[in-house]
Amino acid sequence: MPPERDWRAPPDEAGSDALAYSDIALGYLSRNPGYRADYARALRRVKRGTITADDATTGLVRRWGISFHAEPATAFDPKLAVARPDLSPASIVLAPAPADIGATPGIDAKRLGAVRARIRIGEYLYLILADSDGDEHIWVAGALDSPLAMMLPIGADPFARLAAAERLCRRLNGMAAGPPALRPPPFRRLHLLTLLQVLDGLQAGATQRELAASLIHQKVRRYSAADWVESKERKRVRRWIAEAIELRDGGYVRLLRGG
């Protein structure tokens, strides 16, 4: 996985102006020991030639819900992440259109603009369309040059899915797609990034008091042992640790839906 770094510094995930919930979800999963081991095994198999990068990615996505693309040349690239469409309403699914609904006879690849990646995920062609406001992620069942329709499942996350569909429509019509719907507001973003630092600090062996001093207030260093035990900072950092571990160990799936 990505190289270890000083946990006191802002996490790598903080550097993107187009940070979406799915990016943060991947940050939590990338700190999950089980996923790290699974990804490393998949990467070794790809390097040995016993499985393709796309097939390895398919397995990882099915097991974990989201994954880096398991391509050695681009390992750990956060812009090459795949999330299951049933878990990620930001993903758009295109499927063969019925003959009588007036669908256009296919999509000209030029209208898609810059394509960051083409990945075969099972029976789907998975496209990552580059966009400075936030990449678009398309699952295509069938061929691009055949009549296609957008699949908008009735039920969960209808407005996020509609917003993602609108972004693609704007793109296909030569317009700026605009920002994606599932971006955390500033206060939520800051909190989630702080929890990533908590995980990094725990991995580096930091104590709860060191976490509190670095992430809450330096005055914690001056507390007596009794003051620390009863302090609000200790209680807060303990809550943060519990929340961070829960997100790392499965709760990241909620983030894919903007939770």
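Here are some questions and answers about the sheet, its hairpins and a few surface and loop residues in this predicted model.

Local features need pLDDT of at least 70 and side-chain atom pairs count only at pLDDT 80 or more, while totals for chains, interfaces and linings use all residues. Residues are numbered from 1 along each chain as its sequence is written, and side-chain values use heavy atoms, with hydrogens and water left out.

User: Hi! In what order do the five strands of the open sheet stand?
Analyst: Strands here are DSSP runs of E with at least two residues, and helices are runs of H or I with at least four, both numbered from the N terminus. Two strands pair if DSSP finds at least two bridges between them. The pairing in this open sheet is mixed, and the order is 4-5-6-3-7.

User: Which strands are the edge strands?
Analyst: An edge strand here pairs on one side only.

User: How many bridges join strand 4 to strand 5?
Analyst: Strand 5 covers residues 124-129 and runs antiparallel to strand 4. Among the facing residues, Arg118 stands opposite Leu127, and Ile121 has Tyr124 as its bridge partner. The hairpin of these strands has two residues between them, and Gly122 takes a positive phi near 60° there. The number of bridges is six.

User: Which residue in the turn between strand 5 and strand 6 has a positive phi?
Analyst: Strand 6 (136-140) runs antiparallel to strand 5, joined by five bridges. Leu129 stands opposite Glu136 in strand 6. Six residues lie between the strands of this hairpin, and the one with a positive phi, about 140°, is Gly134.

User: How many of the six residues of strand 5 are buried?
Analyst: Buried means under 20% relative accessible area, exposed means over 50%, and partly exposed lies in between (1.4 Å probe, protein chains only). Strand 5 is mostly covered, and the number of buried residues is five.

User: Is Asp131 buried or exposed?
Analyst: Asp131 is found in the loop between strand 5 and strand 6. A polar atom of its side chain lies 2.8 Å from the backbone nitrogen of Asp133. Because its relative accessible area is 15%, Asp131 is buried.

User: How does Lys79 count by its relative accessibility: buried, exposed or partly exposed?
Analyst: Lys79 is found in the loop between strand 1 (66-68) and strand 2 (81-83). Its relative accessibility is 41%, so Lys79 counts as partly exposed.

User: How far apart in space are Lys79 and Leu112?
Analyst: In sequence, these two are 33 residues apart. From C-alpha to C-alpha, the distance in space is 17 Å.

User: What is the relative accessible area of Leu162?
Analyst: Leu162 lies in helix 4 (residues 158-172). Leu162 is partly exposed, with a relative accessible area of 44%.

Note on methods:
A polar contact is a pair of N or O atoms within 3.5 Å; within protein, one must be able to donate a hydrogen and the other to accept it, and residues adjacent in sequence count only if both atoms are side-chain atoms.
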